[in-house]
Amino acid sequence: MTSDTTLSLPSFRKSELQRAIQFTDVKNSVKSVSQKNSLMFKNLLLSLLTVLSIQGLSAQNPLSGFPKGFTPMEVGKDLAYHFVDCKHDLYAERWIHYAEVCTWNGALDYALKTKDQQLIKRLQLKFEPFFGREKALLPPMNHVDYNMFGSIALKLYQVTKDTRYRDMGLAYADAQWNVPEHAKPDEKAWGEKGYSWQTRLWIDDMYMITVVQNEAYKVTGDTKYIDRAAKEMVLYLDELQRPNGLFYHAPDVPLYWARGDGWMAVGMANLLGDLPKDHKDRSRIMTGYLAMMKSLKDYQRPNGMWNQLIDEPDFWAETSGTAMFTYAFIRGIQHGWLDAAAYGPAARKAWMAMVPYIDERKNVTEVCIGTGKKNDKQHYANRPRNAGDFHGQAPYLWCSVALME
């Protein structure tokens, strides 16, 4: 028994030793493979985290990282230089049209943002004839649309410090409140209440009035100008904003016309940007702005645009209103008034949808022409659409500048 056990022991140990060696080899092999896999896994994880980080940054700032052809720098440059070479847009071949002034403002803001001295100079030279041979083209100071001409003069003063611009601009700003002797009774009544005698309760006015008063405030530091703008804005909010946050074109026209509402959106966004934080009217205006932005987000079409009548899904997509709403979103996000996670993707989607409407001549297409109020849906559906209309060129420029902040 002992002999058998003694004889079998070496054989048993040899077998176990071989298995042990084999196990060790396998273990080492597994360890080697595991180390290699671990390295590969770490590299893969690092790559994945990098991608997620980039996506995270994009999600945090959806208003950046646009592809070639869609960058605000490219779009703004094309439209700004195109404007410099355009002929004047006139009312009845007589006076500078407000839509040209809006585009001028956008082009100048772009030039200043990019520090394009050549463009700044060309925009100034384009204005210079109004002091001489083109003086007859200056709009009279007797209508809300005409008086906003003063805004570009005041902007140019801030660039040049040439008092000719300041004097001209302030004359237009003050004329909005200085009631003339020949004013109609209803105009005098508005003035007696502390409003502009040019008040008419069309939503367009909340850009036309506030833009020139804002610029006068920036130039002078006199709070009467910003107070005027805020008081007027509150009036229009109280009279025209509906429970859904949108605005009728006028009290007797219960239709949500895109560009009309766009003037309100831009007017509120710009005014809130300039209004002192402790101003008595700030809370009321902010409430109106936020209500409108929420509604606009809900009415944005799946393609990123807004329609000619905002709440009519079968109407055509209109570019000027879309650009104005996009601008109001961008400014709200940048100031922290709007949640970037909620409104950033909507603004980006709109911008990406807007840019393809610019044709090879640098003209924005599908722009509704100037439109008076009318309580008739078909009136808005049938409005002609002009390529290169300054009503569209202007807000595209505003968006370009805003996106470069």
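The structure is a predicted model, in which local features need pLDDT of at least 70 and side-chain atom pairs count only at pLDDT 80 or more, while totals for chains, interfaces and linings use all residues. Residues are numbered from 1 along each chain as its sequence is written, and side-chain values use heavy atoms, with hydrogens and water left out.

**Helices α10 and α11**

The axes of α10 (residues 223–240) and α11 cross at roughly 140° and come within 11 Å. Each axis is a line fitted to C-alpha atoms, for helices over the stretch in contact, and the angle between N-to-C directions runs from 0 to 180 degrees. Helices (H or I, at least four residues) and strands (E, at least two) are DSSP runs, numbered from the N terminus. The crossing of α10 past α11 is left-handed, a term for a near helix turned anticlockwise from the far one by less than a right angle, with right-handed used if it is clockwise.

On the α10 side the contact is made by I226, A229, A230, M233 and L237, and on the α11 side by M264, G267, M268, L271 and D274. Contact here means heavy atoms within 4.5 Å. The residues of this contact comprise eight nonpolar, one polar and one charged. In this classification Ala, Val, Leu, Ile, Met, Phe, Trp, Tyr, Cys and Pro are nonpolar, Asp, Glu, Lys and Arg are charged, and the others, Gly among them, are polar.

**Helices α2 and α4**

Helix α2 (residues 72–84) packs against helix α4 (residues 117–127) at an angle of about 30°, with the axes 10 Å apart. That angle makes α2 roughly parallel to α4. The crossing of α2 past α4 is left-handed. From α2, A80, Y81, F83 and V84 meet Q118, L119, R122, L123 and K126 of α4. By class, the contact of α2 with α4 has six nonpolar, one polar and two charged residues.

**Aromatic pairs**

The count comes to 27 aromatic pairs. Rings of Phe, Tyr and Trp (its six-membered ring) pair if their centres lie within 6.5 Å; planes under 30 degrees apart are stacked, over 60 edge-to-face and the rest tilted.

Y91 and Y98 form a tilted pair, with 6.3 Å from centre to centre and 45° between the planes. Y98 and W263 form an edge-to-face pair, at 6.0 Å centre to centre and with 70° between the planes. Y98 lies in helix α3 (residues 98–114) and W263 in helix α11 (residues 258–274), so this pair ties together parts that are 165 residues apart in sequence. Both Y91 and Y98 are buried. One aromatic cluster is formed by F83, W104, F127, F130, F131, F149, Y165, Y172 and F390.

**Single residues**

Buried means under 20% relative accessible area, exposed over 50%, and partly exposed in between (1.4 Å probe, protein chains only).

| Residue | Relative accessible area | Class |
|---|---|---|
| Y98 | 8% | buried |
| W263 | 1% | buried |
| N105 | 2% | buried |
| L235 | 8% | buried |
| H279 | 13% | buried |
| K362 | 30% | partly exposed |
| E93 | 67% | exposed |

N105 is found in helix α3. Not counting residues up to four places away in sequence, N105 touches S151, I152, K155, Y207 and V211.

L235 is placed in helix α10. With residues up to four places away in sequence not counted, L235 touches W190, Y195, T199 and L201. The C-alpha atoms of L235 and Y195 are separated by 8.7 Å, and the two residues are 40 residues apart along the chain.

H279 is in the loop between α11 and α12 (282–299). Its contacts, not counting residues up to four places away in sequence, are D227 and A230. H279 and D227 lie 8.5 Å apart in space, C-alpha to C-alpha, and 52 residues apart in sequence.

Two loop residues have a positive phi. E93, which is not a glycine, has a positive phi of about 60°, and is placed in the loop between β1 (90–91) and β2 (95–96). K362, also not a glycine, has a positive phi of about 70°, and is in the loop between α14 (340–354) and β3 (367–368).

Key: Angles under 35 degrees count as roughly parallel, over 145 as roughly antiparallel, 65 to 115 as roughly perpendicular and the rest as oblique.
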